[in-house]
Structures are given as structure tokens and as C-alpha cells.
Amino acid sequence: SAFLRRIEAVDARLNAFITVLADQALAQAEEIDRDRPDVREKPLAGMPLALKDVLCTKGVRTTCGSRILENFRPPFDATAVERLKGAGAIFLGKTNMDEFAMGSSNENSAFGAVRNPWDTERVSGGSSGGSTAAVAADLCAAAIGTDTGGSIRQPASFCSVVGLKPTYGRVSRYGLVAFASSLDQIGPITKDVEDAALVLQAVAGHDPRDSTSVDISVEDYAAALRRPVQGLRLGIPKEYFVEGTDPDVADAVEKAIGTCERLGARRVEVSLPHTEYGVAAYYIIAPAEASSNLARYDGVKYGYRVEEAKDLLSMYCLTRSRGFGPEVKRRVMLGTYSLSAGYYDAYYRKASQVRTLIRNDFIEAFKVCDAILAPVSPFPAFKIGEKTDDPLQMYLSDVFTLPASLAGVPGVSVPCGFTREGLPIGLQILGPHFREDRVLQVAWHFE
Ligand code: GLN
């Protein structure tokens, strides 16, 4: 009730929620109160969560921040949703996001931008900006986001909350509306690292309904937190400490590394030499996959369909022209182009080869260090409207988050200070494939 009252009081200003599930949440809460479940069986019993509106929820509208799915009610729950429900979580609502998770500022939502609770003239980050703003403003205890190229970590850093992108394959994508299937991952957005461990525990693990989810054992994440960091080798990649980063961000990250050293960790210089090609490779691969995934929105199978079309072709054209926003159209065009016969080898294949080099960079680096520390974003939350006219500038803001996504390694953003203007700064901690335990361990000590 307290969270629902707070949503009522402040969300008109922040715009973090697309749908609030007041009645359903209260009913779930009453059930928990009545049954008093054992926390060993239901570790999240009574935890009020918010879900990014890209996760399918049975009978509950799932918009993906798009006009085209404005009234789409899925007939099933995503595996992550089902598992959270099974763990006793309560769902307060569905959060705002960039349309189909394409964006870094939440300004691409058909439901309007989300405002950053720390400065409402600024963006919350994207694309999980509704989820991070909701956690930061106490509209929920924790939230679920998705990260394809930074969409959990970057908005977490802009809003001063913890956000974890698991290893690709760690969390089932069944029921997650696809943007770029080889990159998308679901993860927790929380107030602290321990909550991130608890929420990850609930959603992690193999699911036969997602053939890319990996069947390897899941650690006890909460137990891993307290392992000492004494002696751990922390890799500092020189390519992430270059000119162009806001000096306050660079200072805060440098101080954070110093804190970890004082806790007994050792600093080692590492190199991820193909970092500079990350943005280019990602912005070929992600739109290519998106153009294919979004072909299903044709006015027939899901959601919106124009009424007045004369024939089938004009129905497709009008539905997609009116249903999709400008960034989605841009990506469908880019992706269709780069997958066309004759261009495939020059763009998509090349980008995939570069992706392998980036992945190998991380594998090599993790031979000489246990975790990598870096900034999340070169700058803090920017003003609403500041970068909307220049898509390339917007894409470049993902420079520090895209390589880990392309490589598939896990990463967390944990708050590490504020700029002189009082804007939050995040520290990024990356680990080897399937070592979420280590990423959380370092983050917990640092926090
Ligand atoms: N900002 C990146 C993009 O626009 C990443 C988005 C994401 O992780 N979903 O594609």
C-alpha cells in the first residue's frame, strides 16, 4: 500500500510506470499475509517488484513502450515472471521503456520520456529507465530490466541504483519480447547488491523453453557475497580510461578502484584492444536481428491494425508506419539493408567476426585478472532533448557497455559517487562468463 500511495503521489511527474496493477498487487499481498509462506520456499515473499514492460504477463497489457502493442495482452507469463511469482514476489506494475528497448535515454517511448528522480530535467537513461527511476524514487523495492547493450547498467548508473546484466544464457528469455535475440538478457535492478543477488537467484537457471538458456549449475549468490576480495586481481582496461570521459566520472571511478585496493584487491592493467569497434559492430548486429524479430508486427498476429486499409499490402504498410516510432523504423531500415543479399558479407558477417574478436579480448583478459573495473557511461544523465537530434551521439553513449554485451559476459553497475552537480555515477564490474557470483562479490564489498 505504501508503494502504491507513493506511485500515486509522484509518478505523474516521473512517468516511470505504463501500467499500475494496484488491485492485483494488493490481492497478492493479502495472500502472502494470509499464508505466511516459509522464506526458504518463497525467498521473495512479499517483495514489491516492478517489471519492465517487455516481459510478457498473462492477461496484463505488455506494450514494449510501443503504439503497435498498446493493447496487447499476452496469454502467458514469461519464465522470469513465473519464477518471481513462484518466489512470492508481488507485481506493482509494468514500467516505461524505450520502444522495443531501443535507446539509451527512454525518450523513444510511445508513452513519453521518464524523468530522472535526481533531476527531473534529465533523462533516467535507457532503455530500462522506467525500472531504474522507479527503484531510485522508492516506487518499488526492486525491478526487473533487460540489457541488450547496456539497458540495465546505464540507467542504473544514471539513477544511482544497482543493475546487473547476467551472462548471456543465464536467465531464460522465454516470454521476453525479442529485440536482438543473441544479446538480450533479463536482470535485476535493486537498491543494493544483496537484493540483486536474491532477485537473480529467483530468475537464473536453465529453462527448456529457451534453447539459448544454459544448463549449468546456479551458485548461491547471497552466500558468495561475503567471500573476501583480498588478493583478487582487478583488471583496469586501458581502452576505458581515455579522453572524452567526463572528469568527474573518471575521478569517481578512479576513487572506487582505490577503495577496492584498500580492501586488499590487486590492480592489474589489462587491454581489450578491439573496444573501439564495439559501437560499430553492435549497431550492425542489433538492428539486423531487430529487423527480423520485428517482422512479426504486421497487423495480423498481434496488437494494432489500421482500420481503413484497402488491401493487404496497404494494411501492412499503414499499420507499421503508424505503429512504430522513428527509432524503431531507423533500425528496421538499417537492419534490412545490412542483411540484404550483396551487403551481408560486407556488414553483418564482418560485424560478427569483430564480435568474436571482442569476445576473445575478454577471454584473454580474464586469464590475468578476476574481474574488470570500468566506467558505465562516459557522462552522467544528460538533459531531456539534448541528444535526440543526433542518433550517432546517442549510440556513442553506449561505448562502455556494448563490448560486454557482444562478449556475453556478466556485468553490474553499482553507485560510486556523484558529480559536482550532484548527478549519480556508476562503477561497472565485469566478470568471466557465468561468474555473476564474482561480480556480485566485488560489488558487495565495494558498496
Ligand atoms: N542503447 C542501446 C540500444 O539502443 C542498448 C539498448 C538495450 O540494451 N536494450 O540499442
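The model is predicted. The protein has 15 helices and 13 strands. Its radius of gyration is 21 Å, close to the 22 Å that the globule rule gives for 447 residues, so the protein is as compact as a globular protein of that length. Along the principal axes, the C-alpha atoms fill a box of roughly 70 × 65 × 45 Å. Of the 447 residues, 55% count as buried. Take the contacts in the protein with a separation of 6 or more: residues 24 or more positions apart account for 75% of them.

Start with helix 8, residues 247–262. This helix has 16 residues. It reaches 23 Å from its first C-alpha to its last, close to the 22 Å expected at 1.5 Å a residue. Which residues of helix 8 are buried? They are Val249, Ala252, Val253, Ala256 and Cys260. Seen down the helix axis, these buried residues fall within an arc of 95°, so they line one face of helix 8. On the other side, Pro247, Gly258 and Arg262 are exposed. Several elements cover the buried residues of helix 8. Among them are strand 9 (233–237), strand 11 (371–375) and strand 12 (411–418). Strand 13 (424–430) and helix 15 (436–446) also belong to that cover. Glycine 264 follows helix 8, and its phi is positive, near 105°.

Now turn to helix 15, part of the cover over helix 8. Here 11 of the 11 residues are buried, so helix 15 is largely enclosed by the rest of the structure. The buried residues include Val439, Leu440, Val442, Trp444 and Phe446. Glu436, Asp437 and Arg438 are buried in helix 15 too, as are Gln441, Ala443 and His445. What surrounds them? The cover over helix 15 includes helix 6 (193–203), helix 7 (221–224) and helix 8. Strand 11, strand 12 and strand 13 contribute to the cover as well.

Strand 12 holds proline 415. This proline is buried, with 22 other C-beta atoms within 10 Å; a residue needs 20 or more to count as buried. Proline 415 and isoleucine 425 are 10 residues apart along the chain, and their C-alpha atoms are separated by 5.9 Å. Leaving out residues up to four places away in sequence, proline 415 touches Ser160, Pro424 and Gly426.

Follow the contact to serine 160. Serine 160 sits in the loop between helix 5 (153–159) and strand 7 (162–165). Is serine 160 buried or exposed? With 24 C-beta neighbours inside 10 Å, serine 160 counts as buried. Its phi is near 60°, a positive value in a residue other than glycine.

Aspartate 138 also has a positive phi, about 60°, although it is not a glycine. Aspartate 138 lies in the loop between helix 4 and strand 6 (142–147). With 14 C-beta neighbours inside 10 Å, aspartate 138 counts as partly exposed.

The peptide bond from glycine 126 to serine 127 is cis, with omega near 5°.

Next comes helix 9, residues 278–293. At 1.5 Å a residue, its 16 residues should span 22 Å. The end C-alpha atoms of helix 9 are 22 Å apart, which agrees. How many of the 16 residues of helix 9 are buried? The count is 12, and helix 9 is mostly covered. Among the buried residues are Tyr282, Tyr283, Ile284 and Ile285. Pro287 and Glu289 are buried in helix 9 as well. The cover over the buried residues of helix 9 includes helix 11 (326–339) and helix 12 (345–368). Helix 13 (391–396) and helix 14 (402–407) also take part.

Last, the ligand. There are 13 residues around the ligand. Which of them come nearest? Those are Ala101, Ser104, Thr148, Gly149 and Ser151. The shell around the ligand divides into four nonpolar, seven polar and two charged residues.

Definitions and conventions. Residues are numbered from 1 along each chain as its sequence is written. This is a predicted model: local features need pLDDT of at least 70, side-chain atom pairs count only at pLDDT 80 or more; totals for chains, interfaces and linings use all residues. A residue is near a molecule or strand if its C-beta atom, placed from the backbone, lies within 6 Å of it. Ala, Val, Leu, Ile, Met, Phe, Trp, Tyr, Cys and Pro count as nonpolar, Asp, Glu, Lys and Arg as charged, and the others, Gly among them, as polar. Helices (H or I, at least four residues) and strands (E, at least two) are DSSP runs, numbered from the N terminus. The expected span of a helix is 1.5 Å times one less than its number of residues. The arc is that of the directions from the helix axis to the C-beta atoms. Two residues are in contact if their C-beta atoms, placed from the backbone, lie within 7 Å. The radius of gyration is taken over C-alpha atoms; the globule rule is 2.2 Å times the number of residues to the power 0.38.
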